[in-house]
Amino acid sequence: MESGKKEKKEKKEKNKEKKEEKEEEKVEKEENDSEQEDDEKEEVDKRIFPLASKSIQKEIFNTITRCSQLKKIKKGANEATKTLNRGISDLIVIAADVKPLEIVLHLPLLCEDKNVPYVFVESQRLLGRACGVSRPVIAASILNNTSDELKQTITKLKEEVEKLQMS
């Protein structure tokens, strides 16, 4: 009987050791993954240019909110692409936290071809909220046939965005 108890204790100890080893491996794996994510963030940061500062982002979101109330905005990467191709876009706003980023990286190339300013903002949720929808929006296009009251603010925004692109 006592030998049976000893065997059970030994098995329990071995199982505990195995569990501890597995936990240590998980911790090491998580640390390696976090290091790789940091490397990926640095890579992504290189492709996100120009990223608007907090103050410019507030202005952008306020302008987008006013444009969305007047129905002078298109939401989404596909709609932004269409407005660029049709030549009716005044400014393109792209979210920087899109996963994978490749789904919006065609927009800066199109903008440069069509001479339309573009800017990245930090959050797709904030962009969606500014557009007046409850879902995240990865890109938005401000249309160029807006009212006179918005033309001045859009022109001012375009100048600030172009300054960001120059730096």
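Leaving aside neighbours within four places in sequence, which residues is Ser123 in contact with? They are Ala95 and Asp97, where contact means heavy atoms within 4.5 Å. This is a predicted model, in which local features need pLDDT of at least 70, side-chain atom pairs count only at pLDDT 80 or more, and totals for chains, interfaces and linings use all residues. Residues are numbered from 1 along each chain as its sequence is written, and side-chain values use heavy atoms, with hydrogens and water left out.

**Confidence**
- The average pLDDT of the chain is 84, and 80% of the residues score at least 70; pLDDT is the predictor's confidence in each residue, from 0 to 100.
- Over residues 37–44 pLDDT stays under 50, and the model has one contact beyond four places in sequence for them.
- Where pLDDT is low, the predicted coordinates should not be read in detail.

**Layout of the chain**
- There are six helices and four strands, taken from DSSP runs and numbered from the N terminus (helices are H or I, at least four residues; strands are E, at least two).
- Starting at the N terminus, the order of the elements is α-α-β-α-β-α-β-α-β-α.
- Among contacts between residues at least 6 apart in sequence, 83% join residues at least 24 apart.

**Buried residues and the core**
- Of the 167 residues, 36% count as buried, meaning under 20% relative accessible area, with exposed over 50% and partly exposed in between (1.4 Å probe, protein chains only).
- The largest nonpolar core has 41 residues; such a core is a set of buried Ala, Val, Leu, Ile, Met, Phe, Trp, Tyr and Cys residues joined through side-chain atoms within 4.5 Å.
- Elements giving two or more residues to this core include α2 (54–69), β2 (89–95) and α6 (148–166).
- Ile60 is among the residues with the most contacts inside the core.
- Not counting residues up to four places away in sequence, Ile60 touches Ala52, Val93, Val119, Val121 and Leu157.

**Around β3**
- The structure holds one aromatic pair, defined by ring centres of Phe, Tyr or Trp (its six-membered ring) within 6.5 Å; planes under 30 degrees apart are stacked, over 60 edge-to-face and the rest tilted.
- Tyr118 and Phe120 form this edge-to-face pair, at 6.4 Å centre to centre with 85 degrees between the planes.
- Both Tyr118 and Phe120 are buried.
- Ser123 lies in the loop between β3 (118–121) and α5 (124–131).
- Ser123 counts as buried because its relative accessible area is 15%.
- The Ser123 side chain reaches the backbone nitrogen of Arg125 at 3.1 Å.

Conventions
Polar contact = N/O pair within 3.5 Å; in protein donor to acceptor, adjacent residues only side chain to side chain.
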